[in-house]
Amino acid sequence: MLDLQKANLWKRISAATLDLILLFTLAVGAALLMSVLFRYDTHSEALAGRYEAVEKEFGVSFDLTEEDYNALSEEEKAVYDDALLALNEDADARYAYGMMINLTFLMVTFSLLIAFLLLEFLVPLLFGNGQTLGKKIFGIAVMQEGGVKVTSVLMFARTVLGKFALETMVPVYVALMIFLGFLGFGGTLLIGILLAVQLFLLAFTKGRTLIHDKLAHTVTVDLASQMIFDTPEDLLAYKTKLHAEQVNQIETENPHKRNDETV
């Protein structure tokens with residue numbers, strides 16, 4: 001059939017959930033491997049050592065909540081502030097902290113990129129029809145909006161630009177910066193806007209397409225009932241054949257009309 005056979009929403013959710021579990025597992029494994037290669041624990045231990053040294057020198061503990069700090073006397077607050085200033089001016093502590101931040105962003109970025117390239121780009125190229133393992137199990141596929149198979153270029157754009165960059169890394173980076181104290185309410189608002197856009201596209205677009213599908217001009221369909229053509233030429237040939245069959249059927253059902261037109 002040429003009509004769009006949209007994939008069942010629950011099948012899409014089920015396939016996406018399975019793919020997400022596999023993606024997260026692979027990304028965590030890659031991140032752990034990179035943490036060993038880049039000696040992340042060495043920098044973490046060095047920073048912890050500098051914290052302990054300054055705490056011992058000033059007789060304070062940096063493990064304080066805002067409420068605990070406010071409960072301190074003015075003299076105790078002055079000592080705590082001096083200790084914090086000394087820690088901030090400690091070159092070894094600054095270096096270890098900077099390395100931890102840089103490595104965190106690097107490991108998160110490349111572990112997720114590896115996972116997306118393997119599970120959301122290479123696997124669909126092997127299975128064909130844009131199918132991840134989850135889509136393969138639940139019988140759904142990805143095609144171009146016109147009914148033609150998705151190309152490797154479009155699949156790359158769908159995966160790397162859409163799923164990885166916009167839908168994953170933007171929220172992840174914002175969440176990390178919120179956690180590290182670099183962003184506040186604005187970061188939360190941005191994540192909320194992205195989520196709202198996704199929900200709007202899923203609920204109100206014809207093919208229930210998300211951001212990554214909009215970028216690549218693709219749609220998720222039911223593989224059992226959707227005709228997917230290898231090339232635009234194959235699609236055109238099928239439409240031409242279908243049109244000829246329809247014309248022939250009309251002429252067969254109305255022979256008198258054809259004779260009248262001939263006369």
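1. Contact here means heavy atoms within 4.5 Å, and helices (H or I, at least four residues) and strands (E, at least two) are DSSP runs, numbered from the N terminus. By that contact criterion, the buried residues of H8 pack against helix H7 (152-179) and helix H9 (211-216).

2. The model is predicted: local features need pLDDT of at least 70, side-chain atom pairs count only at pLDDT 80 or more, and totals for chains, interfaces and linings use all residues. Residues are numbered from 1 along each chain as its sequence is written, and side-chain values use heavy atoms, with hydrogens and water left out.

3. Helix H8 spans residues 185-204, 20 residues in total, and its first and last C-alpha are 28 Å apart, close to the expected 28 Å (1.5 Å times one less than the number of residues).

4. Gly 187, Gln 198 and Leu 201 of H8 are buried (under 20% relative accessible area; exposed is over 50%, partly exposed in between; 1.4 Å probe, protein chains only). They cover an arc of only 65° around the axis, so they sit on the same side of H8; the arc is that of the directions from the helix axis to the C-beta atoms. Phe 185, Leu 199, Ala 203 and Phe 204 are exposed on the face turned away from the buried side.

5. H7 bends by about 40° at Met 169, with Pro 171 following within four residues. The bend is the angle between axes fitted to the seven residues ending at a residue and the seven starting there. After H7 comes Gly 181, with a positive phi near 85°.

6. His 217, not a glycine, has a positive phi of about 55°. His 217 lies in the loop between H9 and strand S2 (218-222) and is partly exposed, at 49% relative accessible area.
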